[in-house]
Amino acid sequence: MISCKSAVRIVLATAMLAAYPNLAKAQMSHQHASEAACEETVLRCASKVTPAFAPDGTLWLAWMAGGQISVASSMDQGKSFSAPVQVTRDRLNLDWGPDARPKLAIDAKGDIALAFSIFRDQAFNGQVLTTRSTDGGHSFDPPKPITANNESQRFEAIGFDPTGAVFAVWLDKRNRAPAQQRGEKYDGAGLFFASSKDGGATYSDARMAADNTCECCRLALAFDGSGHPVVVFRNIFDGGVRDHAIVTFTDLATSGEVHRVSRDDWQIAACPHHGPSLTISPAGTYHVTWYTNGKARKGLFYARSRDGGKTFSDPLPIGQLNHSPSRPQVIAGPQGLAMAWKEFDGQKTSINLMTSHDDGATWSKPAVIADTTDSSDHPLLVTDRRQTYLSWMTKADGYHFQAIEGEP
Amino acid sequence: MKRHLLAALMLLATLPSALAAGEGAPKPFERGSWQKLLHAHAGHPTLVHFWGVTCGPCKVELPQLGGFMKDHPGIDVVTISADLVPNLPEATRSMLNSAGLASAENWIFGDGFAERLRFEIDPAWQGDIPRTMLIARDGTITTIEGSAEIADLNKWSDTQAAATR
């Protein structure tokens, strides 16, 4: 039986559809236009999902869905998840740039540090916000800015060092206005950093590691064997060349010398929206993957450094150039190195995997380990020290978390 | 029931203005749009500019392109906002307006599967913006990665004008 109320709704809906035939189409195409499958805050509706293992083996996810950041945890390697906890409350304009995503790190006590960016104004100036949970992810502090400075900040990366301090690094435009006031041209953004001794409740004053770096690519952060932060970023070298650079910090408050990862010679005044990936193996080798469209080489590449980032091996091309290889990730896991990236054949996006068991000297043939026929997040790799996993959010097929087998 | 009726009537009342706001907004660029666009401009020298509201270098270039369009009425100027999440037609339109590009043929990515849209345009394009494609009268395409130099655009435009004589 149709109640009076429902009947009225049906009649009105019919009248609206008759009067505005484009309405239903507009709503459908809105969904079609979105990167996300739905608009609620649940994991299924996420456009970006970031995984991180806690030292105790719990898997945590932070995701962006329905305009909010949420987290959930899994005790069984992603087979089932706890009830989600919403980290943000206000309706924020979350940074939806192709290389933006929420970041999280978990310390030995199970406390969680979390960071993300928002667009603060109509001109798309960014702001990095941080929060923490000290009750095992049941609740989070209200997010607050990582720095008191009010210029644009984006593309944060965070991690716990071995002493339990949070190290944070991000791109910051605070030097732009002073340079322009002096009548000087200012390119890109500064690479700024800070640290927190209280699990992310408060951060030290921001310091700069490098100025005039590319302003629109994600940063790659890892810790070396001594616990020093190492950051790979797309720099702007002389002549507007946006090639990659690396810096190893002396300690949490002191930046080190900046070295060049490779000479791709990509001179471009544009936003590549395509940042690098870094992992450091137990042997102390730095492994870097990146995208370039330079004069010297085009596509995805891998190189390693066995002298703390001072010099790198010849870049190794990754993937099939005629299949738009993109979004490379590399990780050192218990069974060796794994590298994953996207390819697209005109219809389907596939995730390709290569592994190395000799610290990056040789790599297996690529194998396709997942695919989808609609939009998808970057493929991310994560390890719990027993196994390496692929974490991949897709619009059509939902969230994948799958163990990477040994040699493909 | 009264409340529902009221809410529905209010929704009805606001709809025409909400729909009208869509007029003059950039057209959704979807699967197949690229081939339609090429077809529609076949035989006309056409400048296609890819940009996005969050891209710093684009903000600098867009007004220069507005000036170029004014100075070169013989060139079809097309803009395509290629940011990944395309749900910002208002910000897009407002930036186009202030850049003097309101009367250009303006599009906005209207499919969340941006990889597929980009693949249709150029399989080698990974999404870096700005990017400009100059399509000559004979269909020859010249791609400029990053910000274009207006002098180069002028030079190309001159060759197109010469080709008609």
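Q: Which residue does a disulfide join to Cys38(A)?
A: In this predicted model, local features need pLDDT of at least 70 and side-chain atom pairs count only at pLDDT 80 or more, while totals for chains, interfaces and linings use all residues. Side-chain values use heavy atoms, with hydrogens and water left out, residues are numbered from 1 along each chain as its sequence is written, and chains are lettered from A and ligands numbered from 1 in the order in which they are written. A disulfide is taken as a pair of cysteine sulfur atoms within 2.5 Å. With an S to S distance of 2.0 Å, the disulfide of Cys38(A) is formed with Cys45(A).

Q: Is the link of Cys38(A) and Cys45(A) left-handed or right-handed?
A: Both Cys38(A) and Cys45(A) are buried, a term that means under 20% relative accessible area, with exposed over 50% and partly exposed in between (1.4 Å probe, protein chains only). The angle about the S-S bond of Cys38(A) and Cys45(A) is -105 degrees, and the link is left-handed.

Q: How many residues apart in sequence are the parts that Cys216(A) and Cys271(A) tie together?
A: The sulfur atoms of Cys216(A) and Cys271(A) are 2.4 Å apart and form a disulfide, which is left-handed with -100 degrees about the S-S bond. Because Cys216(A) lies in the loop between strand 12 (207-213) and strand 13 (220-223) of chain A, and Cys271(A) in the loop between strand 16 (258-260) and strand 17 (277-280) of chain A, the parts tied together are separated in sequence by 55 residues. Strands here are DSSP runs (E, at least two residues), as helices are (H or I, at least four), numbered from the N terminus.

Q: Which residue holds the closest cysteine sulfur to Cys217(A)?
A: Cys217(A) is buried, at 2% relative accessibility. Its sulfur has its closest cysteine sulfur at 4.2 Å, too far for a bond, and that sulfur belongs to Cys214(A).

Q: What is the angle about the S-S bond in the link of Cys55(B) and Cys58(B)?
A: Cys55(B) and Cys58(B) are joined by a disulfide with an S to S distance of 2.1 Å, and both residues are buried. Their link is right-handed, with an angle about the S-S bond of 85 degrees.

Q: How many residues apart are Phe167(A) and Phe249(A)?
A: Rings of Phe, Tyr and Trp (its six-membered ring) pair if their centres lie within 6.5 Å, and planes under 30 degrees apart count as stacked, over 60 as edge-to-face and the rest as tilted. By this rule there are 20 aromatic pairs over all chains, among them the edge-to-face pair of Phe167(A) and Phe249(A), at 5.0 Å centre to centre and 70 degrees between the planes. Phe167(A) belongs to strand 10 (residues 166-172) of chain A and Phe249(A) to the loop between strand 15 (244-248) and strand 16 of chain A, a separation in residues of 82.

Q: Which ring does the charged end of Arg260(A) sit over?
A: A charge sits over a ring if NZ of Lys or CZ of Arg is within 6 Å of the ring centre and within 35 degrees of the ring normal. The charged end of Arg260(A) is 3.9 Å from the centre of the ring of Phe237(A).
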